[in-house]
Amino acid sequence: MDEPSGATLAEPRFEHGHFLLIAGLGGRFTQETTQGIPELWEKFIPHLGKIPGQKNEVTYGICCNPDGKGGFEYIAGVEIDKLDDLPEKYRWLEIQPQHYAVFEHTGSLDQLPATFQYIWHTWLPQSGKEAADAPEFERYSEDFNPKLNTGVLEIWLPLKA
């Protein structure tokens, strides 16, 4: 499967995700303003390891709370084990167990929008599956480093059963 960008995207694997409690920094975006998401990550990175109840170094980029007009909330965050002691500056979200198509993005983050375009406009319509009304998220491995292009970045697309 080739993308317009020339990057290759492997067939997804299918997984049943488990409950996640995510906390981090959030903002509202549209397709026209997604270039602001890296700035949100820049603000979030200094908080890593300092969020009460943080479980590990895996980070998540959560797309949720669509407004029906193309806008959505994006949360750069980590998994936590409890909401107790979570300062108000953090946005939190519960992700319920759900069936997902999991895509591995390879290459630079600059190609991430092309990967999303491919998933939504090519793979999904051809798959015979439907996206579920649930948060979609990016999962960045503990060793993910965008400058060195190391680690694993997965896109978890929720599907109707």
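**A histidine and its sheet**

Tutor: Start with the contacts of H105. Leaving aside neighbours within four places in sequence, H105 is in contact with Q111, L112, T115, L153 and I155. Keep in mind that this is a predicted model. The side chain of H105 also makes a polar contact with the side chain of T115, at 2.8 Å. Is H105 buried or exposed? The relative accessible area of H105 is 6%. The cut-off for buried is under 20%, so H105 counts as buried.

Now place the residue. H105 lies in strand β6. That strand belongs to an open sheet of eight strands. The order is β1-β6-β8-β7-β3-β4-β2-β5, and the pairing is antiparallel. At the edges stand β1 (13-17) and β5 (91-95). Each has a single partner strand, so one side of each is left without a neighbour in the sheet. On average, neighbouring strands here are turned by 35 degrees against each other, direction ignored.

Strand β2 (residues 20-29) pairs with β5 in the antiparallel sense, over five bridges. Within that pair, I22 stands opposite L93 of β5.

Two helices pack on the sheet. Helix α1 (residues 37-44) touches β2, β3 (54-64), β4 (72-80) and β7 (136-140). The direction of α1 makes about 30 degrees with that of β4. Helix α2 (residues 112-127) touches β1, β6 (98-105), β7 and β8 (153-159). The direction of α2 makes about 30 degrees with that of β8. This brings us back to H105, whose contacts include L112, T115, L153 and I155.

Notes
Residues are numbered from 1 along each chain as its sequence is written. This is a predicted model: local features need pLDDT of at least 70, side-chain atom pairs count only at pLDDT 80 or more; totals for chains, interfaces and linings use all residues. Side-chain values use heavy atoms; hydrogens and water are left out. Two strands pair if DSSP finds at least two bridges between them. Helices (H or I, at least four residues) and strands (E, at least two) are DSSP runs, numbered from the N terminus. Axes are lines fitted to C-alpha atoms, for helices over the stretch in contact, and angles run from 0 to 180 degrees between N-to-C directions. Contact means heavy atoms within 4.5 Å. Buried means under 20% relative accessible area, exposed over 50%, partly exposed in between (1.4 Å probe, protein chains only). A polar contact is a pair of N or O atoms within 3.5 Å; within protein, one must be able to donate a hydrogen and the other to accept it, and residues adjacent in sequence count only if both atoms are side-chain atoms.
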